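Please keep the structure at hand while reading.

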Amino acid sequence: QAQVQPIVHLLICIDLTIIPDFHWDEKIHGTVEAFCIMVGMLTVKLSYSMTLLFSVNITQRMSTTSR
């Protein structure tokens, strides 16, 4: 889920909510799983990327509170 709010012509504010929707399996994910968030504009050669790390403890807490 994301909300985008323009600040000025080339600056926007993005509020991003990420809720894992999978069962954590340490055989597949290990103790940490990385996800990459990338944002780009077609009209300007700008891009932004961020890597988020989810751990088994955070994912289990989030999935039990969001359901």
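The points below move from the overall chain to a surface patch and then to one of the residues in that patch.

The model shown here is a predicted one. Its chain holds two helices and four strands, and, read from the N terminus, these elements follow one another in the order β-β-α-β-β-α.

**Chain as a whole**
- Of the 67 residues in the chain, 10% count as buried.
- The accessible surface of the chain comes to about 5,900 Å², and carbon and sulfur atoms account for 59% of that area.
- When contacts in the chain between residues at least 6 apart in sequence are considered, 27% of them join residues at least 24 apart.

**Nonpolar surface patch**
- A nonpolar patch on the surface is formed by Val4, Ile12, Ile14, Leu16, Ile18, Val39, Tyr48 and Met50, which together have about 670 Å² of accessible area.
- Two strands, S2 (11-16) and S4 (47-55), each supply at least two residues of this nonpolar patch.
- Strand S2 gives the most to the patch, contributing three residues.

**Leu16 within the patch**
- Leu16, one of the residues that form the nonpolar patch, has its place in strand S2.
- Is Leu16 buried, partly exposed or exposed? Its relative accessibility is 40%, and because the partly exposed class lies between the buried limit of under 20% and the exposed limit of over 50%, Leu16 counts as partly exposed.

Terms used. Residues are numbered from 1 along each chain as its sequence is written. This is a predicted model: local features need pLDDT of at least 70, side-chain atom pairs count only at pLDDT 80 or more; totals for chains, interfaces and linings use all residues. Side-chain values use heavy atoms; hydrogens and water are left out. Patches are made of residues with over 30% relative accessible area and no salt bridge: like charges are joined within 9 Å, nonpolar side chains (Val, Leu, Ile, Met, Phe, Trp, Tyr) within 5 Å. Accessible areas come from the Shrake-Rupley method with a 1.4 Å probe; for residues, only the protein chains shown count as cover. A salt bridge is a side-chain nitrogen of Lys or Arg within 4 Å of a carboxyl oxygen of Asp or Glu. Buried means under 20% relative accessible area, exposed over 50%, partly exposed in between (1.4 Å probe, protein chains only). Contact means heavy atoms within 4.5 Å.
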